[in-house]
Each structure stands twice: as C-alpha cells, then as structure tokens.
Amino acid sequence: MAILDILNYPDPRLHTVAKPVKEVDANIRRLIEDMAVTMYDAPGVGLAATQVNQHIQLLIIDTSETKDQLQVFINPRIIEKSGVQEYEEGCLSVPGVYESVTRAEIVKVEALDKSGKKFTLIAEGLLSVCIQHEMDHLLGKVFVEYLSPLKRNRIKNRMLKLKRDR
Ligand code: NI
C-alpha cells in the first residue's frame, strides 16, 4: 500500500473526464487500497481517482466517525435526485478552502462495489454531498467551479502562491 500524490487545484489534470472501468481486477483493487490509505492519511472523507491522476470512474468515501466504513463506487450513475441542500464543502485538492455549495438533498446511485458487484444506494445528508462532489471530479469538475468567478480566481491565486512558497 502506498500514499499517492494528490493533484492540487488549479492543476489542469483535474479537468480530465474519467473513463469507465472495464473490469474490476487486481489493479483496480490495488488502486482502491492505495486511495483509501491516501484518503485516511490526508485526512478526508472522499477521494476520486481523478485526484490521484488516475482517470477512471472510481471514487471512495468514508463519512463514518470511526473511519472504518469504506464505500467504493465504480462507474457510478445518479439515477434519481431530489430536494436541495447547502453544505460547506472542502476538497483534498483545494486544501484549506471551505465554501458553501448547493446540491441535491437525496440521490439514488447505481454503481459497482470493489468486487465488481452492482448495487443501488439512496443517500442523503453528508453522504449525498460527498457522492455528488466526488462524481463531479470524475467529470473533471472541482467544487470551486460552483463559486463566482471572483471567488474562484482568489482561490486559484492563493493555491498558486502556496505552490510557489512550498
Ligand atoms: Ni474534492
């Protein structure tokens, strides 16, 4: 298991559109393990493969207090959504930035689990926010893109400065 490098906004690779996973094989399972170690180490509650520069439709989430409830979503699709909620979101690719984003309150998701088995899940609250946030990554979208251009530019400049100063 290895801790992977997380791409930081505004890295252009974060805007890559992920391809579907063809087969849930040993390589995918190894990537899931590495992503889990990376997410727990950060620490974060969700991580998309895009963020570790792997452009396939894979994301992991663990919103539990105990950090032992890893949920794996491969080729996820939102098949129903309803309601509206606002949540102060953060992202491991935009460290230190927390901003309010409006998303659906409840989502019904279809995906494959880590053994390649199809499952359906109805999520609400933080889990719903996380699923929508991580699925955006797979489309090449970072949450700051929901903010005003002014705010986004300010964040972009702050991130570029952080990078320069490192
Ligand atoms: Ni994120």
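These are my notebook entries on a predicted model, taken one topic at a time.

**Entry 1: helix H2**

I started with helix H2, which covers residues 125-138. I checked its length against its residue count. At 1.5 Å a residue, its 14 residues should span 20 Å, and the end C-alpha atoms lie 21 Å apart, which agrees.

I then asked how many residues of H2 are buried. The count is twelve of the 14, so the helix is largely enclosed by the rest of the structure. The buried residues include Leu 127, Cys 130, His 133, Met 135, Asp 136 and His 137. Just after H2, I noted that Gly 140 has a positive phi of about 85°.

**Entry 2: the nickel ion**

Next I looked up which protein atoms are donors of the nickel ion. They are SG of Cys 91, NE2 of His 133 and NE2 of His 137, at 2.1 to 2.2 Å from the ion. I wrote the sequence spacing of these donor residues as C-x41-H-x3-H. Cys 91 sits in the loop between strand S4 (85-89) and strand S5 (99-103), while His 137 belongs to helix H2, so this pair ties together parts that are 46 residues apart in sequence.

An α-helix has 3.6 residues a turn, so residues three or four places apart point the same way.

Are Cys 91 and His 137 buried or exposed? Both are buried. For Cys 91 the relative accessible area is 10%.

**Entry 3: cysteines**

I searched the whole structure for disulfides and found zero. Cys 130 is buried, with a relative accessible area of 5%.

**Entry 4: Arg 77**

I moved to Arg 77, in strand S3 (residues 71-82). Its relative accessibility is 43%, so I put it down as partly exposed. Leaving aside neighbours within four places in sequence, I listed its contacts as Gln 57, Lys 108, Val 109, Glu 110 and Met 135. With Gln 57 there is also a polar contact between side chains, at 3.4 Å.

**Entry 5: salt bridges**

How many salt bridges does the structure hold? There are seven. Side chains of opposite charge can pair when their charged atoms come close.

I looked at Asp 11 and Arg 13, whose side chains form a salt bridge of 2.8 Å, N to O. Asp 11 counts as buried at 15% relative accessibility, and Arg 13 as partly exposed at 40%.

Then I took Glu 80 and Lys 108, where the closest N and O atoms of the salt bridge are 3.8 Å apart. This pair links distant parts of the chain, with Glu 80 in strand S3 and Lys 108 in strand S6 (residues 106-112), 28 residues apart. Both ends are partly exposed: Glu 80 has 48% relative accessibility and Lys 108 has 25%.

Another salt bridge joins the side chains of Glu 110 and Lys 118, at 3.8 Å, N to O. Glu 110 is partly exposed at 25%, whereas Lys 118 is exposed at 57%. Last, I noted one network, in which salt bridges with shared partners join Glu 89, Arg 103 and Asp 136.

Notes:
Residues numbered from 1 in each chain as written. Predicted model: local features only at pLDDT ≥ 70, side-chain atom pairs only at ≥ 80, totals over all residues. Heavy atoms only, no water. Helix = DSSP H or I, 4+ residues; strand = E, 2+ residues; numbered from the N terminus. Expected span 1.5 Å × (residues − 1). Buried < 20%, exposed > 50% of the residue type's maximum accessible area, 1.4 Å probe, protein only. Donors = N, O, S within 2.8 Å, 3.2 Å for Na, K, Ca; no water. Disulfide = S-S within 2.5 Å. Contact = heavy atoms within 4.5 Å. Polar contact = N/O pair within 3.5 Å; in protein donor to acceptor, adjacent residues only side chain to side chain. Salt bridge = Lys/Arg side-chain N within 4 Å of Asp/Glu carboxyl O.
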